[in-house]
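My entries follow the structure.

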Amino acid sequence: MSNWQQLVQAVEPLQDLELDADLVRDLEQPGQQPGHQSGHQVPERVAHPVHFYTPTFKSYQTSEIKSCGKNAWPAVSVTGSECKLQCDHCKAAILEPMIPARTPEALWRVVNELIDDGAQGLLLTGGSNHRNEVEYAPYYETIRRIKDSHPEFRIAAHAALMDENAAFAMADAGVDVAMMDVIGAQETITNVYHLRRSVDDFEATLENLVRTSMRVVPHIVIGLHYGRMLGEWRALEIIQRHLPDAVVLVVVMPFYAPEKKPFVTPDSSDVGRFFQSARQALPDTSLLLGCARPPGESRMQIDTYAVMAGLDGIAHPADGAVELAARLGRKVRVTPACCSIVVGDEVMAVQDASDGLELDIDTILREEARRRAGVRGIGIPVVSASGPRTGIPA
Ligand code: SF4
């Protein structure tokens, strides 16, 4: 058993987790990151701090997390719940819970209400037309007015596909951060998105966006092709050519899956191998694992590989991931954050890696033990009519 597998065994929630031994061994190898020397005790990539955005570590809660009920980064859709594309994994369901602002006047009103309510920023999006473009042009004057009146208020917009003029118009309007999904397989564009555009169009959009003054944070949705890996490595190559400010990796969590074309849960080892490739391809770019990934054992495996692969940030880590990072010798920073704040930090591209609280391993172990005791009871045998049981499951 490799050293790292032994370390995993020491982390109580991960003790029985099945891991890909070859992958763990590969991730443990020193000197895999281009540009770094080999021969260190631990791979250079895990010597980087890892930033966890987590609602746990209760004694470190800030006023921000206490106000989780208020959405610090609400999402607003300029088309309400309408989208012409009706992609197979979504069918526009992602738009449904968002605040609609179907006219520039509505956007002005909504934003002012949100600011009065304490919002720090806004995720601006909308359904696509048939060309996977979100028609923002009528809103730019209002966005400029919002930014001129409230310069501290951040606006992150989902760009979808854009030509150069549209990208510069978005930047001129004052949008701070542009996000986009980079898709690297024509089959996925055609079949999942029902779209007559090419992989080159996605690359051209990224190229256009990075030329502007906006911070650019592309996403790669791992397993977008019905749960299988297909265009992820090409997407990574595209991102490598147009280095953005940060990259967010998420694992597909279909809002909707057609009966005839169901989505399988992506294989965790494949996801872990992709983390390894992404870290090697982008050694100096912030790599964040976003909120979306499958639950249960998959999430635990995926988060274990993310910690081992040296990702810079992990949103809402699975039980045990923080402790594992500390045991692997990674510097651990924790920002107690509910989901909307994670989304805000995500789009601001982990702007300041020194944000958050650095915790040492003793503190982490103490806090984790306290939390587990709170969640599961303290392991005192419970005697019931059918005999003794140990502890109380979560
Ligand atoms: S993923 Fe985007 S483009 Fe596709 S259906 Fe959902 S909202 Fe529309």
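In which sense does α11 pass α12, left-handed or right-handed? I looked it up in this predicted model: the crossing is right-handed.

**Entry 1: α11 and α12**

I took helix α11 as residues 268-281 and helix α12 as residues 296-309. Their axes come within 9 Å and cross at roughly 20°. Angles under 35 degrees count as roughly parallel, so α11 is roughly parallel to α12. Next I listed the contact. From α11 I noted Ser268, Val271, Gly272, Phe275, Gln276 and Arg279. From α12 I noted Ser298, Gln301, Ile302, Tyr305, Ala306 and Ala309. I sorted these contact residues into six nonpolar, five polar and one charged.

**Entry 2: α5 and α6**

I then turned to helix α5 (residues 104-116) and helix α6 (residues 140-149). Here the axes come within 9 Å and cross at roughly 20°. That makes α5 roughly parallel to α6. I logged the crossing of α5 past α6 as right-handed. On the α5 side, Pro104, Leu107, Trp108 and Val111 make the contact. On the α6 side I found Glu141, Thr142, Arg145 and Ile146. The contact divides into five nonpolar, one polar and two charged residues.

**Entry 3: the ligand**

Which residues surround the ligand? I wrote down Cys83, Leu85, Gln86, Cys87, Cys90, Lys91, Ala92, Ile94, Leu95, Gly127 and Ser128. I counted seven nonpolar, three polar and one charged in this shell.

Definitions and conventions. Residues numbered from 1 in each chain as written. Predicted model: local features only at pLDDT ≥ 70, side-chain atom pairs only at ≥ 80, totals over all residues. Axes fitted to C-alpha atoms, helices over the stretch in contact; angles between N-to-C directions. Helix = DSSP H or I, 4+ residues; strand = E, 2+ residues; numbered from the N terminus. Parallel < 35°, antiparallel > 145°, perpendicular 65-115°, else oblique. Left-handed = near helix turned anticlockwise from the far one by under 90°. Contact = placed C-beta atoms within 7 Å. Nonpolar A, V, L, I, M, F, W, Y, C, P; charged D, E, K, R; others polar. Near = placed C-beta within 6 Å.
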